[in-house]
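Open the model in your viewer and keep the selection tool handy. We will go from one stop to the next.

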Amino acid sequence: MNPKWWKESIVYQIYPISFMDSNGDGKGDLRGIISKLDYLQELGVDVIWVCPIYKSPNHDNGYDISDYCDIMKEFGTMDDFDRLLQNMHARGMKLMMDLVLNHTSHEHPWFVESRASKDNPKRDYYIWRKGKNGGPPNNWESYFSGSVWELDPQTDEYYLHLYSKYQPDLNWDNPAVIDKLHEMVHWWLKKGVDGFRFDAIAHIVKKEGYPDAHNPSGATTVRAYDMFSNLENVHTLLQNLYDKVLFHYDIMTVGETSGLGPEQALDYVGDGRRELNMTFQFEHMNLDAASPGSGRWDVVPWKLTDLKKIISNWQTVLHGRGWNANYLCNHDQPRSVSRFGNDLYYRIPSAKKLATFIHMLEGTPYIYQGEEIGMTNIALESIDDYRDVETLNYYEEKRQQGVPEEEIMSAIHRKSRDNARTPMQWENAHEGGFTTGTPWLRVNSNYAEINAADAVKDPDSIYHYYKKLIELRKKHKVIVYGEYGLLLPDHPEIYAYIRTLEDQRLLVILNFFDKEPVFELPADMKQGGMQLLLSNYQAPKNDDLTQLKLRPYEARIYLQQLEDK
């Protein structure tokens, strides 16, 4: 079982600029987070993951860091941070920082020096190459569209950026860079932070020689993920970071590692690997995408049977060997209830069903701000209302290709990262209670119906359902450590699974759609009574599990005591 505090924790993700504004400038800040700690404590979360709050020019909302050891002025000061950490620890909550080690801002002093001249001592802190045949050094495509290379006219060389041109990649082949980053990580740990989410950590190593990617169609740029994702030396570098810095602290670490399956994930999180506690996988995030990466804008219908295969594979392969990080939404993904539920007629039951799904799996559950009250996607009318750099780049690229405006905006309404970045809806008041000023990004107009204040007052709300799920997870070890088993793998509407630990078995029944399918309890599970722990509908009149007609988006959790264990 190998108990760990981070396995038993529930994580709540905060996107600071959109969480709570304390000074009326329209942007969330650290004092705003402090003002809502009681709300989070009451919800029952143990760990708060705060997206980047470091000094930044904000071209990618803080993921372009210009000073790792300072706070973005819009968010407050280092004194505010110290108060936040102190207040969280006083409530028994832990703080996980979001740390970007793959790249910095183009305004970071290291890069300012690096681009100053070819012989600058910090030139090799970043990845510089000469052009080829009058163009970039290779044909790799950026995650934010276009080439990964940007020409610097001053030195007539290109620098590499897997994301925005304002986010140059650090050169992890340079020992001086590694030493600086280790020193910085140690600095934060000495301040008392409780862990890190390592952004884009799978990309810190690029293929030697930076060769062109396979390009049979002759495209200008190519999705070349195998050239800079999960390469072998990433593990050497992470083990070095663990042995020299992380090993000395009882912390929680999770890596953003796109493009891998569970067997490959064990290279990061397997017991004894000395790297990370868990990784974020993206297989289920690609269910409705024509292809990964920039191809995610092209939406295709997703199938429940495919979701079952992906999740079951991760649950099974990692059991007893590693640990899962379970999520359906974050700052880079659309709202879960709009994507995997029904945000119109069945918003409340479908949001509760999705919460049940995530919290009853083996692994640490992650709640993204607003998920606990069922916040939804937003459809802004004009591209001028959007702020996300990826969205703006996509819009401009498609316009140049002659794609009709209506088609572009339709994709943006479904998949823009700004869907999850609209300000938190605290109450039915001016701008949803987020700010007294003008918000940096428009508040979703449905804040009158969907807000935290009303949810806290309503005992049947999504918020209180989350509380009950969290309480169950803290009460029953089988929910944390039980072995997963899938039922009805081919059923197109019902996702049912069991969790087994010693003499207890948990049964989770989920109707993923708005029809009323019938669940039949397998014959080998009919021995022993079933105790209903929680349902997202009122207690059912007919609790006959041999022929159970499920209501739209219904979720049920049963506990069974096993007699022969």
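Is C329 buried or exposed? Select C329: with 1% relative accessibility, this residue counts as buried (buried is under 20% relative accessible area, exposed over 50%, partly exposed in between, with a 1.4 Å probe and protein chains only).

Before moving on, a word on what you are looking at. This is a predicted model, where local features need pLDDT of at least 70, side-chain atom pairs count only at pLDDT 80 or more, and totals for chains, interfaces and linings use all residues. Residues are numbered from 1 along each chain as its sequence is written, and side-chain values use heavy atoms, leaving out hydrogens and water.

Next, pick C69, which is partly exposed at 32% relative accessibility. Its closest cysteine sulfur is in C51, 19 Å away and too far for a bond. The structure holds 0 disulfides (a disulfide is a pair of cysteine sulfur atoms within 2.5 Å).

Now jump to T356 in helix α10, residues 347-359 (helices are DSSP runs of H or I, at least four residues, numbered from the N terminus). T356 is buried, at 0% relative accessible area. Show side chains, and you will find a polar contact from T356 to Y465 at 2.8 Å (N or O atoms within 3.5 Å, one able to donate a hydrogen and the other to accept it; residues adjacent in sequence count only if both atoms are side-chain atoms).

Finally, display helix α14, residues 462-475, whose axis comes within 10 Å of that of α10 and crosses at roughly 20° (axes are lines fitted to C-alpha atoms over the stretch in contact, with angles from 0 to 180 degrees between N-to-C directions).

Definitions and conventions
Helices (H or I, at least four residues) and strands (E, at least two) are DSSP runs, numbered from the N terminus.
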